[in-house]
Amino acid sequence: FTTKIMKGEPLKIFQGPSESELERDFTYIDDIIQGTVAAVDHISPSTKEEAMCKVFNLGNKDPVTVSYLVDCLERALGKTAIRHYMPMPPTGDVLRTSADVTLAGKELGYKPTTPLQEGINKFVAWYTEYYKDGLDRDMEAYVPM
């Protein structure tokens, strides 16, 4: 979305039944890293025969609409997105994702702390610095599905 907003290209924003908004559990990378490191630190020494196998969900547990994500990007970039709302493809998608981080919180002390707008601001600061001379050839050639 960031590249398209910067280039002035329209964004495809999918909608569910009756033009409902899709919701996603966007999580800032530093929060995911904190949970991942905590999981690695949590495991006990193991052998092939006796490995500790647990699954920890990491996320921020507070889904927001894709439109709200675009609002955050617009604020951080200082540009208005061209939004093209369209029905979800027939192959489908889930209407809402939300991580249940209960086990990660209990066993790893995991608690995401970065609000979405703050994470987007940090991302845009990185993005504009990284691509200060323009997009590289791989990014220019990238065509999303």
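**Stop one: a loop with a lysine**

Start by selecting lysine 61, which sits in the loop between helix 2 and strand 3 (64-65). Helices here are DSSP runs of H or I with at least four residues, strands are runs of E with at least two, and both are numbered from the N terminus. Before you go on: this is a predicted model, where local features need pLDDT of at least 70 and side-chain atom pairs count only at pLDDT 80 or more, while totals for chains, interfaces and linings use all residues. Residues are numbered from 1 along each chain as its sequence is written, and side-chain values use heavy atoms, with hydrogens and water left out.

Check the backbone of lysine 61: phi is near 65 degrees, a positive value in a residue other than glycine. Lysine 61 is partly exposed, at 45% relative accessible area (buried is under 20%, exposed is over 50%, partly exposed is in between, using a 1.4 Å probe and protein chains only). A salt bridge here is a side-chain nitrogen of Lys or Arg within 4 Å of a carboxyl oxygen of Asp or Glu. Aspartate 62 is partly exposed too, with 46% relative accessibility.

For another positive phi, jump to glutamate 19, at about 60 degrees although it is not a glycine. Glutamate 19 is in the loop between strand 1 and strand 2 (23-24), and is exposed at 62% relative accessible area.

**Stop two: zoom out**

Switch to a cartoon of the protein chain.

**Stop three: the cores**

Next, select Ile5, Leu11, Leu73 and Ile120, which touch the most other members of the largest nonpolar core, a set of 14 residues. A nonpolar core means buried Ala, Val, Leu, Ile, Met, Phe, Trp, Tyr and Cys residues joined through side-chain atoms within 4.5 Å. Strand 1 (10-15), helix 3 (66-77) and helix 5 (116-130) are the elements giving two or more residues to this core, and helix 3 gives the most, with 6.

Center on leucine 73: setting aside residues up to four places away in sequence, leucine 73 touches Phe1, Thr2, Ile5, Ile120 and Val124. Contact means heavy atoms within 4.5 Å. Apart from this core lies another, of 7 residues, including Phe56, Val101, Leu108 and Tyr110.

Pick methionine 86 in strand 4 (residues 82-87). Methionine 86 counts as partly exposed, at 21% relative accessibility. Which residues does methionine 86 touch, not counting those up to four places away in sequence? They are Lys12, Ile13, Phe14 and Gln15.

Then find threonine 114, in the loop between helix 4 (102-108) and helix 5. Threonine 114 counts as buried, at 13% relative accessibility. Leaving aside neighbours within four places in sequence, threonine 114 is in contact with Tyr28, Asp31 and Gly119.

**Stop five: charged pairs**

The structure holds 8 salt bridges. Select arginine 96 and glutamate 23, a bridged pair with the closest N and O atoms 2.8 Å apart. This pair links distant parts of the chain: arginine 96 is in the loop between strand 4 and helix 4, glutamate 23 is in strand 2, and they are 73 residues apart. Arginine 96 counts as exposed at 51% relative accessibility, whereas glutamate 23 is partly exposed at 24%.

To finish, color Asp71, Glu74 and Arg83, which are linked in a network of salt bridges.
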